[in-house]
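Hi,

Here is the structure I promised to pass on. Have a look at it first, and then read my notes below.

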Amino acid sequence: MTTHSEHRTLTPPTARPTTRPTTPPNASVPSWTVAPEAFTTRDATALRRAYYAEVAGRYWKRQVTEAEIDQGLLDFPDDGLVPPTGQFVVGRLGGEPLACGGVRLLDPVTAELTRVYVDRRARGTGGGAALLEVLEAEARALGAGRVRLDTRSDLVEARALYARHGYAEIPAYNDGQYAQHWFEKPLP
């Protein structure tokens with residue numbers, strides 16, 4: 001499950017939500033923990049590379065090279081995913097880093113999701129929902145009253161996840177090269 005979006009951000013407030021486990025601590029099944037993390041950490045970097053490998057590979061319908069991943073990360077930097085205008089999060093299932101996502105402000109009341117990714121081995125375990133919960137909380141902490149995103153037609157898992165979690169398809173709000181579907185959700 002992935003989302004593809006490339007846009008710049010503006011500046012607003014702080015205040016960070018904390019880690020959110022998604023199952024009771026004594027549950028026998030591993031639980032998701034999603035927390036803010038610098039996009040430059042080893043785990044975050046590995047997840048961003050996996051995200052790019054998947055979205056590019058699906059788009060080009062082939063496996064991508066390490067050099068293409070490197071170039072993609074240079075072409076679409078994540079430098080807007082830091083406070084006070086954004087945040088990057090890493091999701092861990094039973095302690096293993098298997099998901100990530102980012103949120104950044106487009107304007108003082110509109111946040112945008114990007115880099116939303118769950119490793120194939122962990123899909124169907126609640127990681128996407130856990131990411132959205134924390135990313136939406138991060139967007140609220142940045143002062144946003146709504147969240148938007150764009151994605152592609154071939155990223156069907158992502159589109160289904162957003163629809164299940166209250167995101168409605170809207171007219172295009174950007175002209176991103178890879179954007180084919182646009183979604184929005186008001187934040188309570």
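This is a predicted model: local features need pLDDT of at least 70, side-chain atom pairs count only at pLDDT 80 or more; totals for chains, interfaces and linings use all residues.

Let's start with helix α3, which covers residues 127-141. Is α3 mostly enclosed or open? Of its 15 residues, 12 are buried, so the rest of the structure largely encloses α3. Among the buried ones are Leu 131, Leu 132, Val 134 and Leu 135, but also Glu 136 and Glu 138. After α3 comes Gly 143, which has a positive phi, near 100 degrees.

Now for the rings. There are four aromatic pairs by the rule used here. In one of them, the ring centres of Tyr 59 and Tyr 178 are 5.0 Å apart and the planes sit at 90 degrees; over 60 counts as edge-to-face, so that is what this pair is. Tyr 59 belongs to helix α1, while Tyr 178 lies in the loop between β7 and β8, so to speak a link between distant parts of the chain, 119 residues apart. Tyr 59 is partly exposed at 39% relative accessibility, whereas Tyr 178 is buried at 17%. Together with Phe 76, these two tyrosines form one aromatic cluster.

Another edge-to-face pair is Tyr 162 with Tyr 167, at 5.6 Å centre to centre and 65 degrees between the planes. Both partners are buried: Tyr 162 has 0% relative accessible area, and Tyr 167 has 4% relative accessibility.

Cheers

Key: Residues are numbered from 1 along each chain as its sequence is written. Side-chain values use heavy atoms; hydrogens and water are left out. Helices (H or I, at least four residues) and strands (E, at least two) are DSSP runs, numbered from the N terminus. The expected span of a helix is 1.5 Å times one less than its number of residues. Buried means under 20% relative accessible area, exposed over 50%, partly exposed in between (1.4 Å probe, protein chains only). Rings of Phe, Tyr and Trp (its six-membered ring) pair if their centres lie within 6.5 Å; planes under 30 degrees apart count as stacked, over 60 as edge-to-face and the rest as tilted.
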